[in-house]
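Have a look at the model first.

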Amino acid sequence: MTNTDYFVSLYETLHRKMPFFGSGIEESLERIPEEHLHRPVGHRTIAQLLAHMIAWREDLIKRLHELPREKIEINSPEDWPDATGKTKADFLRAFADTKVELQKGLEKYDVSKMYDLVHPDYDYINVNILEGGAQHDIYHIGQVNMLAAILRELEEAKE
């Protein structure tokens, strides 16, 4: 297994049923009723978290394909894109598409750059970005599942 094969396999793990960290992306989304996607819990909705995850995946795809990209400022509209009107089908399609593009980018990634600094102003290296993409997904899919559980409990309490 090459270094990039490892990262390709991470994205397979994120999308399969019962990965080691809980529930995969599709498995998680399949259990969420459509009407819960845009229902706020605290200051976020499930849809906002999903749109945020996709925004960061798209940024990583641009990095991997060496395409021009804008820097995402934390808590900006680019960081938290508007998810209004997005459906579960929209999100499932976006996750499937970004998975394929991430894997394509990883397969052609120049592994000799893996331990280079991302930018002279930062103290992290490219492998941190590659790992961080998967870690970011795991972190936020956990939040998605927590919000989904809260919404289920609220629904059950009404009955």
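How closely do the axes of helix α3 and helix α4 come, and at what angle do they cross?

## Ground rules

This is a predicted model, so to speak: local features need pLDDT of at least 70, side-chain atom pairs count only at pLDDT 80 or more, and totals for chains, interfaces and linings use all residues. Residues are numbered from 1 along each chain as its sequence is written, and side-chain values use heavy atoms, leaving out hydrogens and water.

## α3 against α4

Back to the question: α3 (residues 46–64) and α4 (residues 88–107) have axes that come within 9 Å and cross at roughly 20°. Helices here are DSSP runs (H or I, at least four residues), numbered from the N terminus. Axes are lines fitted to C-alpha atoms over the stretch in contact, with angles running from 0 to 180 degrees between N-to-C directions. The two helices are therefore roughly parallel (under 35 degrees; over 145 is roughly antiparallel).

On the α3 side the contact (heavy atoms within 4.5 Å) includes Ala47, Leu50, Met53 and Ile61, and on the α4 side Phe91, Phe95, Leu102 and Leu106 are among the residues involved. By class, the residues of this contact are 13 nonpolar, two polar and four charged. Here Ala, Val, Leu, Ile, Met, Phe, Trp, Tyr, Cys and Pro count as nonpolar, Asp, Glu, Lys and Arg as charged, and the others, Gly among them, as polar.

## α3 against α5

α3 also packs on α5, at an angle of about 170° with the axes 9 Å apart. That makes this pair roughly antiparallel. Leu49, Trp56 and Leu60 are among the α3 residues that meet α5, whose side includes Ile129, His140 and Leu147.

## The largest pocket

A pocket is an open set of points on a 1 Å grid over the protein atoms alone, where a 1.4 Å probe fits, with protein on both sides within 12 Å along at least five of seven lines; lining residues have an atom within 4 Å of a point. The largest one holds about 730 Å³ of space, a volume filled by probe spheres set on the points. It has 28 lining residues, and Asp59, Arg63, Arg69, Val118 and Ile129 are the closest to its centre. α5 (126–158) and α3 each supply at least two lining residues, with the largest share, eight, coming from α5. The lining has 14 nonpolar, six polar and eight charged residues.

## Val118 up close

Val118 sits in the loop between α4 and α5. Beyond its neighbours within four places in sequence, Val118 is in contact with Arg63, Tyr124, Ile125, Asn126 and Ile129.

Note on methods: Parallel < 35°, antiparallel > 145°, perpendicular 65-115°, else oblique.
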